[in-house]
Amino acid sequence: MLLFFKKVDLINDKIIQFFKYVASFLLVFVGLLIFADVLLRSAFNKPLIGVPEIIANLVVIIAFFQFAYAVSIESMLRSDFTIEKAGPKLRKFLDLLSCFLGLIFFILLAKSSYSSMVKSFISSEFEGHASFRFPTLPLKGTIFLFSCLTAFTYLLLIISKIFNLKK
């Protein structure tokens, strides 16, 4: 059973690491896109069409790509100052409580975003104005899938903490 858990945890970590690097690449892309838009806007009075829509969606996608990584390194909404003051038993309880609350939060987020994602897929939903329309499925799909991945990562962390399995 321990071997199975370690295998699943390793696969999960590989997936998380991959999307951490994808998010880094997208962040560089967003920076270059903003730079190009500002340069073209100021030098030639010709802004790139759709940059605000692309950036607004990519920022959310980048954030969701990194949530599971933040959970895996145990830095997701964590206050070390509070936990450092607690004793070992209270510290373990607070760690488990925060993991459990994170698990519940991301399960609820995945559950609530599922129908919106399906609706977006079925209706081929787009956002934006007439000159540039951005499909909403990548954003809504990312929110659903990475909420599931983050919830799964919290579950692995809870199991690891309960059974004292070190990474």
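How are H2 and H5 oriented to each other, roughly parallel or oblique? The legends below describe close-up views of a predicted model, and the first of them takes up this question.

**View 1. Packing of H2 against H5.** In this predicted model, the axes of H2 and H5 lie 8 Å apart and form an angle of about 10 degrees. Angles under 35 degrees count as roughly parallel, and H2 and H5 are therefore roughly parallel to each other. On the H2 side, the contact is made by Asn57, Val60, Ile61, Phe64, Phe65, Phe67, Ala68, Val71 and Ser72. On the H5 side, the residues in contact include Pro138, Leu139, Thr142, Ile143, Phe146 and Ser147. Leu149, Thr150, Thr153, Tyr154 and Leu157 of H5 also belong to this contact.

**View 2. Ser72 in helix H2.** Ser72 belongs to helix H2, which comprises residues 51-72. The side chain of Ser72 reaches the backbone oxygen of Tyr69 at a distance of 2.8 Å. The relative accessible area of Ser72 is 12%. Because buried means under 20%, Ser72 is classed as buried. Ser72 is also one of the H2 residues that take part in the contact with H5.

**View 3. Packing of H1 against H5.** Two packed helices are described by the angle between their axes and the distance between the axes. For H1 and H5, the angle is about 140 degrees and the axes are 11 Å apart. H1 and H5 are therefore oblique to each other. The crossing in which H1 passes H5 is left-handed. From H1, the residues Phe5, Val8, Asp9, Asn12, Ile15, Ile16 and Phe19 meet H5. Their counterparts in H5 are Phe146, Leu149, Phe152, Thr153, Leu156, Ile159 and Ser160.

View 4. Phe19 is partly exposed, with a relative accessible area of 22%, whereas Phe146 is buried, with a value of 8%. Phe105 and Phe106 form another edge-to-face pair, with 5.1 Å from centre to centre and 85 degrees between the planes. Phe105 is partly exposed at 48% relative accessible area, while Phe106 is buried at 4%. Phe105 and Phe106 also belong to one aromatic cluster together with Phe64, Phe67 and Tyr154.

**View 5. Two loop residues with positive phi.** Most residues other than glycine have a negative phi. Asn45 is not a glycine, yet its phi is positive, at about 55 degrees. Asn45 is placed in the loop between H1 and H2. With a relative accessible area of 63%, Asn45 is exposed. Glu74 likewise is a residue other than glycine with a positive phi, near 55 degrees. Glu74 is placed in the loop between H2 and helix H3 (80-85). At 31% relative accessibility, Glu74 counts as partly exposed.

Note on methods:
Residues numbered from 1 in each chain as written. Predicted model: local features only at pLDDT ≥ 70, side-chain atom pairs only at ≥ 80, totals over all residues. Heavy atoms only, no water. Helix = DSSP H or I, 4+ residues; strand = E, 2+ residues; numbered from the N terminus. Buried < 20%, exposed > 50% of the residue type's maximum accessible area, 1.4 Å probe, protein only. Polar contact = N/O pair within 3.5 Å; in protein donor to acceptor, adjacent residues only side chain to side chain. Phe/Tyr/Trp six-rings, centres within 6.5 Å; stacked < 30°, edge-to-face > 60°. Axes fitted to C-alpha atoms, helices over the stretch in contact; angles between N-to-C directions. Parallel < 35°, antiparallel > 145°, perpendicular 65-115°, else oblique. Left-handed = near helix turned anticlockwise from the far one by under 90°. Contact = heavy atoms within 4.5 Å.
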